[in-house]
Amino acid sequence: MRRAPLFGCDVAHALLRAAPRLVSALAGAWDKGRDESRPGRLKPAPHRWLLEGSIALALVAPLAAAVEGTAHNGTTGGPASGLEVSLMKLDQGMVPVGSVKTDAAGKFRFDASIEGAHGLLRAQFEGVTYTELVTPGVPTEDLKLHVYNTSKSPIAPEQRVMLVEPAGSEVVVNESYLFRNQSQPPVTYSGGGQGTLRFFLPPGAKGQVQVSVAGVGGVPLRVNAEKTDQAGVYKVDQAIRPGENRIDLTYRVAYQPGAELAWRTMYPDLATRIAAPNGVTLAGEGLQPLGQEPRSKASIFSVARADFQLKITGEGQLPRGPESGEGGDGGGGGESMSVIPAAVVQQRWIIYAFAGVILALGFYGLYAASGGKPAAPTPSPAKKRKS
């Protein structure tokens with residue numbers, strides 16, 4: 001294994017180990033020189049103390065700001081050796097600091113300082129980019145960067161949630177797809193070019209859709225949707241890493257009060273949960289009311305049909321303002337949604353925040369209270385694999 005990128009830190013560590021002897025030898029020689037040149041005078045203890053402190057600081061200070069850690073392959077359980085790791089400084093943009101390759105033990109080290117600023121570790125492994133945030137004030141000498149082997153097998157989403165907000169002559173629609181990758185051993189699913197998410201876009205949207213995924217620190221990142229050879233069907237090629245993943249859609253559909261709009265899902269076994277703001281009424285075949293969310297007064301519905309139509313009357317949108325924890329965007333429907341784990345009816349479930357507002361929908365609890373049973377999650381290849 002080529003160790004050239006780590007040569008500098010090897011030398012620094014050797015100097016640090018030799019620092020006590022070096023400090024003592026230099027200080028002793030300096031004292032001796034002072035005594036011989038000025039006999040009869042006391043040894044300048046304060047000057048010796050200053051010399052020792054200066055030498056120690058000179059040796060240690062450059063190491064204190066180093067960013068170092070280990071790259072780990074979560075699929076094999078071993079180190080990710082020979083991996084190129086880049087460090088970016090997040091200071092009014094992404095400023096490249098440098099790149100190094102991990103050694104045989106997966107170790108990497110950057111001697112450049114990013115003190116006082118956020119940093120971002122980034123590495124690409126088997127076509128997927130992995131990142132790790134470096135936070136100011138947190139020790140940077142034992143960071144972990146996890147990567148995983150890539151599988152091209154498809155994985156189905158486990159939840160689909162829609163928010164419809166009619167206003168004037170259009171309906172703003174937010175959709176959120178939740179993937180739960182519980183593969184053992186853990187792998188990242190890439191979709192193999194077929195798209196990790198396939199979705200239907202109503203004709204009234206005219207092919208215009210914004211797609212976002214949760215990036216570093218949960219900040220939404222825009223990704224592209226590609227049209228497939230099926231009418232109205234689009235795909236998103238977004239890696240589904242181990243754990244919970246979310247893909248959000250935002251689009252607008254032309255609307256006339258009382259008219260029916262058609263939707264469908266590309267995953268027949270996946271139930272759709274729908275939220276309508278206070279003042280908006282939904283009706284349609286197979287639409288089952290689940291109750292009202294207390295905080296926002298939004299009405300919650302479930303539909304298990306792959307193809308369904310909604311008759312929408314009224315106008316409204318979820319509240320936006322300081323009480324929601326975020327400012328209003330003024331744009332009728334947010335561009336992102338977030339997923340927060342929660343316990344509902346003694347079971348860990350999902351609480352969605354639509355358009356920047358934390359909306360405690362409690363789908364599981366509402367459905368159970370209505371006498372029904374929650375729809376079983378769609379089986380995915382990740383759960384069928386043998387470990």
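Student: Which charged end sits over the ring of Y130?

Tutor: That of R241, 5.4 Å from the ring centre. A charge sits over a ring if NZ of Lys or CZ of Arg is within 6 Å of the ring centre and within 35 degrees of the ring normal. Before we go on: this is a predicted model, where local features need pLDDT of at least 70, side-chain atom pairs count only at pLDDT 80 or more, and totals for chains, interfaces and linings use all residues. Residues are numbered from 1 along each chain as its sequence is written, and side-chain values use heavy atoms, with hydrogens and water left out.

Student: Are the two tyrosines buried or exposed?

Tutor: Both Y130 and Y148 are buried. Buried means under 20% relative accessible area, exposed over 50%, partly exposed in between (1.4 Å probe, protein chains only).

Student: New topic. What does β16 pair with?

Tutor: β16 sits in an open three-strand sheet, ordered β12-β16-β15, with antiparallel pairing. The edges are β12 and β15, each pairing on one side only. Two strands pair if DSSP finds at least two bridges between them.

Student: How many bridges join β12 to β16?

Tutor: Four, with β12 covering residues 197–200. There, F199 stands opposite Y234. On the β15 side (residues 226–227) there are two bridges, and E226 faces K235 across the pairing.

Student: And what about the turn between β15 and β16?

Tutor: That hairpin has five residues between the strands, and G232 takes a positive phi near 75°.

Student: Which residues of β16 are on each face?

Tutor: V233 and K235 on one side, Y234 and V236 on the other. All four are buried, and both faces of the strand are covered. In a regular strand, side chains alternate between the two faces of the sheet.

Student: What polar contact does the side chain of D248 make?

Tutor: One with the side chain of S176, at 3.0 Å. A polar contact is a pair of N or O atoms within 3.5 Å; within protein, one must be able to donate a hydrogen and the other to accept it, and residues adjacent in sequence count only if both atoms are side-chain atoms. D248 lies in β17 (residues 243–254), and S176 in β10 (residues 170–181).

Student: Why do those two count as buried?

Tutor: D248 counts as buried because its relative accessibility is 1%. S176 does so because its value is 0%.
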